[in-house]
2 protein chains.
Amino acid sequence: MNHFNWNDGFVVDFDLDTGKSDSAVTSKRPLSVVKDIFLDTDAAAEILKKEDPMIYEFHELGAPERKGDLAFGTTVIYPGKIGNEYYMTKGHFHTILETAEVYYTLQGAGYMVMENPEGDTIEKPLKKGDAVYVPRRYSHRTVNTGSEPLVLFYTFDADAGHDYGTIEENGYRKMIVEEDGKAVIVDNPRR
Amino acid sequence: MNHFNWNDGFVVDFDLDTGKSDSAVTSKRPLSVVKDIFLDTDAAAEILKKEDPMIYEFHELGAPERKGDLAFGTTVIYPGKIGNEYYMTKGHFHTILETAEVYYTLQGAGYMVMENPEGDTIEKPLKKGDAVYVPRRYSHRTVNTGSEPLVLFYTFDADAGHDYGTIEENGYRKMIVEEDGKAVIVDNPRR
């Protein structure tokens with residue numbers, strides 16, 4: 001469904017409240033697909049016996065991976081927890097490591113969790129109206145700590161590429177979990 | 001006021017209704033500064049005898065012009081006309097011509113007017129919730145055809161640069177003007 005003309009320009013709608021689009025492709029990430037990103041594998045398994053909740057979705061346009069083009073779209077992370085860990089995206093490095101990404105928060109609240117190959121970590125709280133700059137070299141993951149969907153509009157260099165592999169095995173160094181009813185940043189025991 | 005850390009990431013607010021920010025720099029373009037972009041120079045001169053209305057503002061962060069970084073911010077074009085020509089931005093090419101730009105419409109309605117060095121022209125209508133892709137090689141100008149401010153969130157490669165000169169002398173090939181109470185696209189008699 002890539003009917004967008006990247007040479008001659010186009011207009012595409014993204015609802016400012018929900019992030020949904022009439023014409024972008026919706027990619028779905030239910031718990032069954034991303035269960036391994038959560039620390040509490042028992043809690044994930046228990047939930048999956050009964051249901052397969054949607055953790056996040058993104059709405060993308062299939063930008064050509066060409067120099068000078070920009071990829072953009074929306075991400076929606078649903079509210080919820082697996083054990084005490086909030087719903088979040090898988091997270092990724094850019095294959096071209098020296099490329100940034102801009103996220104603009106349309107709805108909800110949460111964290112952008114970032115980490116570079118040297119092990120430096122950054123966690124930035126986000127709320128509606130906040131734009132967050134993910135600097136070059138930083139892998140990034142979005143976490144929903146609120147009670148409504150967290151909706152973000154993103155833009156990055158279309159040729160940057162996504163590298164999921166290098167953070168997939170053991171997760172990010174920092175985790176966002178609920179303790180005593182509020183979101184706190186803790187060390188990941190697997191790292 | 002460039003206190004943003006482009007190496008370690010940062011969060012900056014942009015109001016989703018007004019585009020205003022507590023921490024971005026506001027650049028103002030009143031009629032006195034941009035009067036030459038409008039065809040009806042007599043109408044502009046008449047207005048300037050009495051007042052100097054704000055045509056547009058943008059809120060920017062002073063991104064470093066480095067490869068891999070992204071510049072972003074908001075533009076607010078106020079409603080109004082000079083003669084029968086709607087308020088609009090000056091418009092620019094990117095110095096690195098082969099770079100795109102993404103605009104996301106937060107409020108209002110108007111047009112993105114685009115033109116490449118070969119003289120190909122594109123006009124895309126915009127309304128709240130519309131993202132518009134300005135393709136590589138296209139100079140672009142935003143026009144407010146509505147009755148409220150037109151507010152856009154923009155992102156582009158930070159090293160793309162702005163080239164105002166080449167379209168400054170005679171304007172874009174296409175103009176957006178009011179005829180019989182509605183916005184129409186007409187040829188620019190100066191081109």
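Buried means under 20% relative accessible area, exposed over 50%, and partly exposed in between (1.4 Å probe, protein chains only). The model is predicted, so to speak of local features needs pLDDT of at least 70 and side-chain atom pairs count only at pLDDT 80 or more, while totals for chains, interfaces and linings use all residues. Residues are numbered from 1 along each chain as its sequence is written, chains are lettered from A and ligands numbered from 1 in the order in which they are written, and side-chain values use heavy atoms, with hydrogens and water left out.

**Exercise 1. Classify the ring pair of A:Tyr103 and A:Tyr154.**

Step 1: Recall the rule. Rings of Phe, Tyr and Trp (its six-membered ring) pair if their centres lie within 6.5 Å; planes under 30 degrees apart count as stacked, over 60 as edge-to-face and the rest as tilted. Over all chains, the structure holds 30 aromatic pairs.

Step 2: Apply the rule. The centres of A:Tyr103 and A:Tyr154 are 6.3 Å apart and the planes stand at 50°, so this pair is tilted.

Step 3: Strands (E, at least two residues) and helices (H or I, at least four) are DSSP runs, numbered from the N terminus. A:Tyr103 sits in strand E8 (residues 101–107) of chain A and A:Tyr154 in strand E13 (residues 150–157) of chain A, so the pair links parts of the chain 51 residues apart. A:Tyr103 and A:Tyr154 are buried.

**Exercise 2. Follow A:Tyr133 across to chain B.**

Step 1: Take the ring pair. A:Tyr133 and B:Trp6 are edge-to-face, at 4.6 Å centre to centre with 70° between the planes.

Step 2: Locate both ends. A:Tyr133 belongs to strand E11 (residues 130–134) of chain A, and B:Trp6 to the segment before strand E1 (10–13) of chain B. Both A:Tyr133 and B:Trp6 are buried.

Step 3: Two strands pair if DSSP finds at least two bridges between them; E11(A) and E1(B) run antiparallel and are joined by four bridges. Within E1(B), B:Phe10 stands opposite A:Tyr133.

Step 4: Widen the view. These strands belong to an open, antiparallel sheet of seven strands, in the order E2(A)-E3(A)-E4(A)-E13(A)-E8(A)-E11(A)-E1(B). Its edge strands, each pairing on one side only, are E2 (25–30) of chain A and E1 of chain B.

**Exercise 3. Describe the interface of chain B and chain A.**

Step 1: Count residues. The contact (heavy atoms within 4.5 Å) takes 42 residues from chain B and 42 residues from chain A.

Step 2: Give the area. Buried area is the accessible area (1.4 Å probe) that two parts lose on being put together, summed over both; here about 3400 Å², of which carbon and sulfur atoms give 60%.

Step 3: Two salt bridges (side-chain nitrogen of Lys or Arg within 4 Å of a carboxyl oxygen of Asp or Glu) are counted between the chains. The side chains of A:Arg136 and B:Asp69 meet in a salt bridge at 3.8 Å, N to O.
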